[in-house]
Amino acid sequence: MNTLTVSVVTPDGPVLEDSFEMVSCKAESGELGILPGHIPLVAPLSISAVRLKGENPQRIAVSGGFLEVRPDKVTILAQSAERPDDIDIERARAAKERAERRLQAKQDEIDFRRAELALKRALNRIDVVENR
């Protein structure tokens, strides 16, 4: 079967480079499914899991960034990207609880948007670990 070369890169360096049959991810405009031969595309990514399908399927937690698609290659430039084995699940659960407390407090000094994004990142990290 045809494959795509997939590269996931963060400011800290490369996270993954391998071949997969399909890439599924969530862009700000909606869910995308990329197969070999896809038309060129650039799209901003949401905080979500990137699902990589092939012989060795994988899920990676990304916190925003951009997706660049070419017919034979997909490059994900993410603010952060973590494989399930690299995620500290207890730390993610603590971050989720902290963000939920901040959102429920509704105090003026708490930046609501920042707490909301922290909650989304924590939930995404938990989801990637629990649904390998």
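**Close-up views of a predicted model**

View 1. L67 touches C25, L32, L41, V42, A43, L45, V74, T75 and I76, where residues up to four places away in sequence are not counted.

**View 2. The largest nonpolar core.** This core holds 23 residues. Those that touch the most other members are V6, V8, V23, L52, L67, V74 and I76. Two or more residues of the core come from each of the strands β1 (4-10), β2 (13-20), β3 (22-27), β4 (30-34), β5 (41-53), β6 (58-70) and β7 (73-78). Another core, of eight residues, lies apart from this one; A49, A92, I126 and V129 are among its members.

**View 3. Residues 4-81.** An unreviewed UniProt entry places the feature "domain: ATP synthase F1 complex delta/epsilon subunit N-terminal" at residues 4-81. Over this stretch the chain is 76% strand and 0% helix.

**View 4. Helices α1 and α2.** Two packed helices are described by the angle between their axes and the distance between the axes. Helix α1 covers residues 89-105, and helix α2 covers residues 112-130. Their axes come within 8 Å and cross at roughly 150°. Angles over 145 degrees count as roughly antiparallel, and α1 and α2 are therefore roughly antiparallel to each other. The crossing of the two helices is left-handed.

**View 5. Contacts between α1 and α2.** On the α1 side, the residues in contact are I89, R91, A92, R93, A95, K96, A99, E100, R102 and L103. They meet F112, A115, E116, A118, L119, A122, L123, R125, I126, V129 and E130 in α2.

Methods. Residues are numbered from 1 along each chain as its sequence is written. This is a predicted model: local features need pLDDT of at least 70, side-chain atom pairs count only at pLDDT 80 or more; totals for chains, interfaces and linings use all residues. Side-chain values use heavy atoms; hydrogens and water are left out. A nonpolar core is a set of buried Ala, Val, Leu, Ile, Met, Phe, Trp, Tyr and Cys residues joined through side-chain atoms within 4.5 Å. Buried means under 20% relative accessible area, exposed over 50%, partly exposed in between (1.4 Å probe, protein chains only). Helices (H or I, at least four residues) and strands (E, at least two) are DSSP runs, numbered from the N terminus. Contact means heavy atoms within 4.5 Å. UniProt positions are given in the numbering used here, feature names are shortened, and annotations may be inferred rather than shown by experiment. Axes are lines fitted to C-alpha atoms, for helices over the stretch in contact, and angles run from 0 to 180 degrees between N-to-C directions. Angles under 35 degrees count as roughly parallel, over 145 as roughly antiparallel, 65 to 115 as roughly perpendicular and the rest as oblique. A crossing is left-handed if the near helix is turned anticlockwise from the far one by less than a right angle, and right-handed if clockwise.
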